[in-house]
Amino acid sequence: MTAGAKLAVAENLYMYGQVKGNMHESLPYTATTKKGEIRAEMSSRLLQLHQEGKLQVTMGRGADFFGPDVHNSSVGSRLFKPIMKGKVCTVMLS
């Protein structure tokens, strides 16, 4: 690692395609959409670079990161509902 660069990636679950049962990170990538195929390619390449020691990477995957109809997310209802009413919002950060 020449530059000592690190990368944290926020990912979604599109690369898994349709899943029956519990989701976990060791599931195969069986994307059924173009977006899912691209996500799978990106994730695979990042993991390859990490395993080769060329890039320090950590990946966080979630089904719903944000949006006005996402209620159980750190940037769901806490952010969008107050903003839509012109009020102050609350966002958790670490």
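The exercises below work through a predicted model of one protein, each followed by its solution. Residues are numbered from 1 along each chain as its sequence is written, and side-chain values use heavy atoms, with hydrogens and water left out. As the model is predicted, local features need pLDDT of at least 70 and side-chain atom pairs count only at pLDDT 80 or more, while totals for chains, interfaces and linings use all residues.

**Exercise 1. Outline**

State how many helices and strands the protein has, and in what order they run.

Solution. 
- Helices (H or I, at least four residues) and strands (E, at least two) are DSSP runs, numbered from the N terminus.
- The protein has 2 helices and 2 strands.
- Read from the N terminus, the order is β-α-β-α.

**Exercise 2. Burial and core**

Find what share of the residues is buried and which residues make up the largest nonpolar core.

Solution. 
- Buried means under 20% relative accessible area, exposed over 50%, and partly exposed in between (1.4 Å probe, protein chains only).
- Of the protein's 94 residues, 22% are buried.
- A nonpolar core is a set of buried Ala, Val, Leu, Ile, Met, Phe, Trp, Tyr and Cys residues joined through side-chain atoms within 4.5 Å.
- The largest nonpolar core has 5 residues: V9, L46, L49, L55 and V57.
- Contact means heavy atoms within 4.5 Å. Apart from residues up to four places away in sequence, L49 touches K54 and L55.

**Exercise 3. Salt bridges**

Solution. 
- A salt bridge is a side-chain nitrogen of Lys or Arg within 4 Å of a carboxyl oxygen of Asp or Glu.
- In one, E11 pairs with R61, and the closest N and O atoms are 2.6 Å apart.
- E11 belongs to strand β1 (residues 6–11) and R61 to strand β2 (residues 56–61), so this pair ties together parts 50 residues apart in sequence.
- E11 is buried, at 3% relative accessibility, while R61 is partly exposed at 26%.
- The other joins the side chains of K54 and E52, at 3.3 Å from N to O.
- K54 is exposed, at 57%, and E52 is partly exposed, at 39%.

**Exercise 4. Aromatic rings**

Identify the aromatic pair and classify its geometry.

Solution. 
- Rings of Phe, Tyr and Trp (its six-membered ring) pair if their centres lie within 6.5 Å; planes under 30 degrees apart count as stacked, over 60 as edge-to-face and the rest as tilted.
- The count is 1 aromatic pair.
- The ring centres of Y16 and Y29 are 5.8 Å apart and the planes stand at 65°, so the pair is edge-to-face.
- Both Y16 and Y29 sit in the loop between β1 and α1 (34–51), 13 residues apart.
- Y16 is buried, with a relative accessible area of 3%, whereas Y29 is partly exposed, with 26%.

**Exercise 5. The segment after α2**

Locate C89 and list its contacts.

Solution. 
- C89 lies in the segment after α2 (77–84), and is partly exposed at 28% relative accessibility.
- Leaving aside neighbours within four places in sequence, C89 contacts R78, L79, P82 and I83.
- C89 and L79 are 10 residues apart in sequence, with their C-alpha atoms 5.1 Å apart.
- Within α2 itself, S77, L79 and P82 are buried.
- Just after α2, G86 has a positive phi of about 75°.
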